[in-house]
Amino acid sequence: MIITRRAFTAALSLTGLSLLAGFSPLRLITEAMAQGAADVAKPVSLPDMALGPANAPVTITEFASMTCPHCAAFNADVFPKIKSAYIDTGKIRYVFREFPLDIKAAAGSMLSRCIAKDDSGKYFAVTDLLFKQQSDWVMKNTTETLTRIGKQAGLTQQAVDDCLKDQALLDKIVADQKFANEVLKVNSTPTFFINGEMIKGETSFEEFDKRIKSLLKS
């Protein structure tokens, strides 16, 4: 994938984020190799955004697309229960990784990274906001709405523009997505790994609860 600077100069025009016109993540969905817990555990290009202690006995890694309605539903209905029961109590580590399925999802992920920098707590807060306002910024004027969210988080107009034109950041997101697809067999969202074991699709808290308790006992 090659996304040119020329494409980025059109970043704030129209409603479809023409800055990412060359972005086609579905081209990355190919035959994949087997995954292992060690492969899931290691970040590739971007540092992990995670909550919970690094030495927790259980790690959940979520691959999500910011425009995925099932991911938004999980974020609203299931993740808060996991956070309350297991993350806030220091029993598990929770890692969120970007797997954008379209150009708007890529832009949302870029904005989250730019706002948060290295602050995982802030990253999860921005991601939560983007999921909650998904219908607004996905279905309407994407650039305008993302700019408003960026400004609410303290970015200037110039900082938002620079973020959405950051080729290096986009390249890292794409590289991480490619690794997730080719090595970990991720090809849809949300996809979860609990200590390396894959779970595909929107999953209930009860299912997570059962698996986490089993691992904590072992």
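**Reading a predicted fold: a tutorial dialogue**

Modeller: Leaving aside its neighbours within four places in sequence, Tyr 94 is in contact with Met 49, Ala 50, Leu 51, Ile 60, Glu 62, Phe 74, Phe 79, Ile 82, Ile 87, Phe 124 and Phe 192. The model we are reading is a predicted one.

Biologist: Before we return to that residue, what does the protein chain contain in helices and strands?

Modeller: There are 11 helices and 5 strands in the protein chain. Of its 218 residues, 48% are buried. As for contacts between residues at least 6 apart in sequence, 77% join residues that are at least 24 apart.

Biologist: In which sense do β2 and β3 pair, parallel or antiparallel?

Modeller: Their pairing is parallel and extends over 7 bridges. Within it, Val 95 in β3 is the bridge partner of Thr 61. The pairing of β2 with β4, by contrast, is antiparallel, with 4 bridges. There, Thr 61 stands opposite Phe 193 in β4.

Biologist: Which strand does β4 join in turn, and by how many bridges?

Modeller: Strand β4, residues 191-194, is joined to β5 by 4 bridges, and the two run antiparallel. Phe 192 stands opposite Ile 199 in β5, while Phe 193 stands opposite Met 198. The hairpin of β4 and β5 has 2 residues between the strands, and Asn 195 takes a positive phi near 50 degrees in it.

Biologist: Which way do the residues of β4 point?

Modeller: Thr 191 and Phe 193 point one way from β4, whereas Phe 192 and Ile 194 point the other way. All of these residues are buried.

Biologist: How is a pair of aromatic rings described?

Modeller: Such a pair is described by the distance of the centres and the angle of the planes. In this structure the count of aromatic pairs comes to 11. One of them, Phe 63 with Phe 193, is edge-to-face, at 5.9 Å centre to centre and with 80 degrees between the planes. Because Phe 63 lies in strand β2 and Phe 193 in strand β4, this pair ties together parts that are 130 residues apart in sequence. Both Phe 63 and Phe 193 are buried.

Biologist: What kind of aromatic pair do Tyr 94 and Phe 124 form?

Modeller: Tyr 94 and Phe 124 also form an edge-to-face pair, with 6.5 Å centre to centre and 70 degrees between the planes. Tyr 94 lies in strand β3 and Phe 124 in helix α6, residues 120-132, so the pair ties together parts that are 30 residues apart in sequence. Tyr 94 and Phe 124 are both buried.

Biologist: Which residues form one aromatic cluster with Tyr 94 and Phe 124?

Modeller: Phe 79, Phe 96, Tyr 123 and Phe 131 belong to that cluster together with Tyr 94 and Phe 124. Over the face of Tyr 123 lies Arg 113, at 5.4 Å from the ring centre.

Biologist: Which residues have the most contacts inside the largest nonpolar core?

Modeller: They are Ile 60, Phe 74, Ile 82, Ile 92, Tyr 94, Phe 124 and Phe 208, in a core of 41 residues.

Biologist: Why does Ser 120 count as buried?

Modeller: Ser 120 has 17% relative accessibility, and buried means under 20%. The place of Ser 120 is in helix α6. Not counting residues up to four places away in sequence, Ser 120 touches Asp 48, Met 49, Ala 50 and Leu 51. From Ser 120 to Asp 48 the separation is 72 residues in sequence and 8.3 Å in space, C-alpha to C-alpha.

Technical notes
Residues numbered from 1 in each chain as written. Predicted model: local features only at pLDDT ≥ 70, side-chain atom pairs only at ≥ 80, totals over all residues. Heavy atoms only, no water. Pairing = 2+ DSSP bridges. Core = buried A, V, L, I, M, F, W, Y, C linked by side-chain atoms within 4.5 Å. Buried < 20%, exposed > 50% of the residue type's maximum accessible area, 1.4 Å probe, protein only. Contact = heavy atoms within 4.5 Å. Phe/Tyr/Trp six-rings, centres within 6.5 Å; stacked < 30°, edge-to-face > 60°. Lys NZ or Arg CZ within 6 Å of the ring centre and 35° of its normal.
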